[in-house]
Structures are given as structure tokens and as C-alpha cells.
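The exercises below are meant to be worked with the sequence and the model open side by side.

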2 protein chains.
Amino acid sequence: VAEFDLISRIRLRQLQRGRRPAAGEAWIGDDSAVATIAEGPLLITTDAVVEGVHFDLELVGLDDVGWKAMAASLSDIAAMGGRPTHSLVTVIGPPGNFDIDSLYDGLEDAAETYDSPIIGGDLSVGPVLVVSVTVVGSGAGVPGASWFTGGSRGGAEAPVLRSGASAGDILFVTGALGSSAAGLEMLRSGRSAEEPDLASAHRRPRPLLAEGATARFAGASAMTDVSDGLAVDLRHLAESSRVGIVVDQVPVAPGVSRSAKDPEAAALGGGEDYELIFSAPDPERIESAFVAAGLRRPIRIGRCTDDPEERRLAGGAMPHLGWEHEW
Amino acid sequence: VAEFDLISRIRLRQLQRGRRPAAGEAWIGDDSAVATIAEGPLLITTDAVVEGVHFDLELVGLDDVGWKAMAASLSDIAAMGGRPTHSLVTVIGPPGNFDIDSLYDGLEDAAETYDSPIIGGDLSVGPVLVVSVTVVGSGAGVPGASWFTGGSRGGAEAPVLRSGASAGDILFVTGALGSSAAGLEMLRSGRSAEEPDLASAHRRPRPLLAEGATARFAGASAMTDVSDGLAVDLRHLAESSRVGIVVDQVPVAPGVSRSAKDPEAAALGGGEDYELIFSAPDPERIESAFVAAGLRRPIRIGRCTDDPEERRLAGGAMPHLGWEHEW
């Protein structure tokens, strides 16, 4: 298959799905994509997944790889309390027969579900499959959410950074953890049918965009997503904010307790759950905003302290768990 | 080296170079970068280079790889007549000792030269080096260039697409071609010292941002850059615009005529020259705008015709030359 035929196929798929550029926009097929975005701060994030490093095609489908690559970048927009508007996809594919359609099925399903059409990208050959997704988003106010804005410390106009937590802020996580790591364990041992929700959490994670926007407009002071593991992601939030962290409990997803070899390690260090962790000075306001928005009530897991070296878990030291590349 | 240490090093390098986020911006180190851009259309483009496919580290330095990866994406913004504002860099690096500093020397040199600071990205391990650069740009009017705007057919507010050429438009190229391909030939045969300008054109191409903006504001109807080769890039412009193409002459760079085995093949099919090709209904207006801006006068190479199948070169058929990935 030749490059420009593939690009034509990707464009055709888009037309078949009824996705068309807005007035003044130019999508796939020019030197650069042209997008129109709302006024206000622009969010932009990019994330790459590499075959043999981030995924194993013996365990997941190409469509799952596409979905998850898109979902991971969308989750970074969620972790700012932003709204995605457009995405770009770069695919580096190994020589030989390459099922671009399966990959794009997953990419487009996620892009459409979260309203972030694919407007550009790049294609190249290479030794292993690499999928890199860039998502552009609006950091301006989320329509309909302005009733949350009263009294926010950070100002609802600003995206929520990792660096805004203060001593005394309460720490939340949007849901119980460990499903993705436990799901991978089940897939590897051929037991995924026993806990289909876990395998599904690993293959098709959901970016928590409504939760991120709700936390932002209810006064979250700092936020990030659980991509590398709760322990390491909390450490990043604490370091950026120069606060200490005291965690009283780590919520472990029910299926994880039943099936994982080490449920707490899966919840603390597994990563890729894409739940959001955030700090907030007014926890009641957070909880009532989530209830009012019809979302799962977030879980209080601890608090921020004024000793920037402090990292505690249930009375002991926070273990060094989580995902980090090493060269 | 661990991932988060590398990220810290990249941030530190940026501080040492005196690059800092503007008010309301957040650069490297959060889930998503926060940028502020001018109103008007947003341009966004992404391009990846892969070791063994796009470059050979026996022939070029890591700093050259960084420069060229950044320059190639900046050139896509130039080909819209836009102005770059921010960039994101994803590096997938092979395990083992990896000279991230050399790579970033080149990336940052290009980013600073063309005022497109690196505000985010991603790092991963992988089997070969991959550098993927996303550039965001403003498609709004270029400050100081508004004196070009009178009478433009496309409207100076709109970026220049590939699809705007009409029959009768004159075709231009901003400079003579073939230097990059001839430079690679010299590097491969160990003769690069004989023609240092050619090797330099291959290793350190320049994105023609001033030329792109000038062409746009002087009424260019369609534009693209010579990345895959003049023949194939002209074909893309013609197909997008549904016009025929008649080329009278292909300007070959002087060093190319002296040294390349097949100078016309280098100029027509070599690619990576990053000269701009564009069409315009009023060629005198284009030429006087380039002269007024102190730029090299662009070269008239042919014209667009009303037969969308027509592809001619100097009385014969346009040869099928140029770069395209095959799977």
C-alpha cells in the first residue's frame, strides 16, 4: 500500500462517518491542518505508544491500540479540566500488510465519542508500530458549567495545573484503581473472561472529561490523571505544588481485590486507569458539584501538608511504585 | 537515565536558554501544555522522522536530526503562509546511552531561530530513534504585512491551501532545487567537503516562513513545500486544486549541476529542499512583494491549465519521481 493511497482511505473513512470540517477549517490532506477554536487558552498534548513497550498485539487488537492511544491523550486534556476540540494522529507502521482500518476504527471511535475529530497527522514506515496522538483543546470555560464558578480559588478561567495545591487541600480520586493492571494480568494468563470488566478497562479506558471539567469548576486547585500509577502521579502533583501528601486509603476496584496477585500494588503502581486525582480546598463543594452533574461521587483519599518532603500512606512511607521509562 | 530526570533536564536547558512561558501559559511538565495564541485560524501540523528511514546517524549528527525534524514541521506552517507560535517534541529513543542534549541542541536552535518554543511532548523507549514534532501556528494576518493585502483573491485572512489554484495561475518556486538530494549523495560517497553548501542544505534545511507569508499576502492561490520532490508535490497541488500543470523549466541549484549523478532527477524527485511552490493569478504582484520584502525573487516555472489530467514538463510528460512510503 502506498502512503498517498492510505491518506485517501483515511479521508474517505472520515467522509463515510459524516465528519466534515467546519467553515474556515481544513482537515487531512494539506501541509498543515486549519482549525477554528474558541477564544481563551489553548491546550495541547501529545502521547505516543510503541509496540512491545506499551502494548502487545497478542493481547489486544489494533482497534484497542487506536482507542487507547486516543483516550490517553484525551485524558491529559481531562486532567486540565479542558474540552478537546481536534486531534492529529501519526502512525509509524511496520513494512508489509498493515490493517490501517482496524487501527483507525479504534482511533475514530474514541475521537467521535469525545468530539475530537482527527484533522491531520503523518504516516511513515518503521520497524514497529508507533501511534502518536496529539490533542488540541480549549482551556476556556465549559459551556453550561458556569454555575460552578462562584468562589473558585484558582479562577475558573484558568486550566487546572499540577502546581496549584496548597497545604490543607483535600485529595480526591474519581474512582477505585487497579483495574487496568489487573486486566493486563488476566489477559496475559488467559483468564480475561473471568473478569471482563478488568480486561475492558485495560483495552478501552475512558478519559474522564466531564469529571475533569466538574472538578475544575468546583474549585479543584491541582489535578492530574493516573497514567503512570497513583504513587508516582501523586508524587508529581506534590512536587509541582511543593506540598506534602498524606494518603489514608487507596481505593481498590472490586474485581482487582478478587483477581490480582497483589491488589494494592496494582492500585498504587499499575497506572493506565486514567482516573483523575485532584486537590481542593472545599471538599463539600466538589462533592455536591459531582452529584449535581450526575457523576460518581469522587473518593477522598487524603490531604496536602506543608512539609514538601512528606509522602505518607496509611501511616507508613509511600512506596516507590509506578511506571517510568529507563534508558 | 530515567524518564523524569530527562524531563527535568529538558526543562532546565530551556531555563538556561532564557525561554519562559508567557503569562497564562504552562510549558513542559504538566498533563497538557497551555498556550495563548492570537485570534484567528489555528494551524497545526505534525511530522515524524524515523532512524533508518529518514536519516542515518553515520551521515548526520543527532543535532542535525533535531534541527531538521523541527524545520520540516515549521516548513508546513510556512506552506500555509502562517506564523509558528509553539511546538511539541516526542522522542522515542533506543535503550542504552542516549545523547538527548545533542538532539535538543538542534531542536532548540531551530525552535529559537523561528520563534516556536518547545512547550511539551512525550518521551518513550523504543527500538530505533523517532523524533516527532508538532508545530502550532497562527493563521491570522502576519503583523506588518497588511500592506500586501489589497485585491487578494483568496482573502489574506485565510491560510493558503493546496486547493486554491485556478487555470491561468502562474506557478512559482522560491528557489532552485536538488541541493538536499545531492548533499545526501555527497555525504554517502564521502565527498561532502567538495560542496559544503549541499551537505548543509541536507543537514540543516531552512523553513521559508517569510517567503510563505509574503506569497500569501501577495495573493498566492495555492501553496505547498517541496518535501517529497517537486514532481510529486506539484501533483498534490494540482490534484487538490483540480487543475492541470505545465512546467517549462525546473531550476537546478548550481552545486547540483556540478556534482549530482542525475541533476534533474535530484531537482525533480529528491525532495527535502523545503522550497515553496505556489500559484498566483498576478505574478507581477508576487515579484514586487518579494523584492519589497528583501527576499530572493521567486522563479516562474510554469502555469496551471484547465485540463485536470494534464501533467507536462518541457513539452513531455511529467516523470513519476518523488518520495512516498510503501507498506
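## Exercise 1: Salt bridges

Over all chains, a search of the whole structure finds 44 salt bridges, a salt bridge being a side-chain nitrogen of Lys or Arg within 4 Å of a carboxyl oxygen of Asp or Glu. This is a predicted model, in which local features need pLDDT of at least 70 and side-chain atom pairs count only at pLDDT 80 or more, whereas totals for chains, interfaces and linings use all residues. Residues are numbered from 1 along each chain as its sequence is written, chains are lettered from A and ligands numbered from 1 in the order in which they are written, and side-chain values use heavy atoms, with hydrogens and water left out.

Task: Describe where the salt bridge between Asp109(B) and Arg17(B) lies.

Solution. Begin with the distance: the closest N and O atoms of Asp109(B) and Arg17(B) are 3.2 Å apart. Helices (H or I, at least four residues) and strands (E, at least two) are DSSP runs, numbered from the N terminus. Finally, check accessibility: Asp109(B) is partly exposed at 30% relative accessibility, and Arg17(B) is partly exposed with a relative accessible area of 30% (buried means under 20% relative accessible area, exposed over 50%, partly exposed in between, with a 1.4 Å probe and protein chains only).

Task: Describe the salt bridge between Arg235(B) and Glu239(B).

Solution. The N to O distance is 3.6 Å. Both Arg235(B) and Glu239(B) lie in helix 7 (residues 230-241) of chain B, 4 residues apart, about one turn of the helix. Arg235(B) is partly exposed, at 23% relative accessible area, and Glu239(B) is partly exposed, at 42%.

## Exercise 2: Backbone and fold of chain A

Task: Examine the positive phi of Arg242(A), which is not a glycine.

Solution. The phi of Arg242(A) is about 55°. Arg242(A) sits in the loop between helix 7 (230-241) and strand 8 (244-247) of chain A, and Arg242(A) is exposed, with a relative accessible area of 69%.

Task: Summarise the overall build of chain A, which has 10 helices and 12 strands.

Solution. The radius of gyration of chain A is 20 Å, close to the 20 Å that the globule rule gives for 327 residues, so chain A is as compact as a globular protein of that length; the radius is taken over C-alpha atoms, and the rule is 2.2 Å times the number of residues to the power 0.38. Along its principal axes, the C-alpha trace of chain A spans about 60 × 50 × 35 Å. Of the 327 residues of chain A, 59% count as buried.
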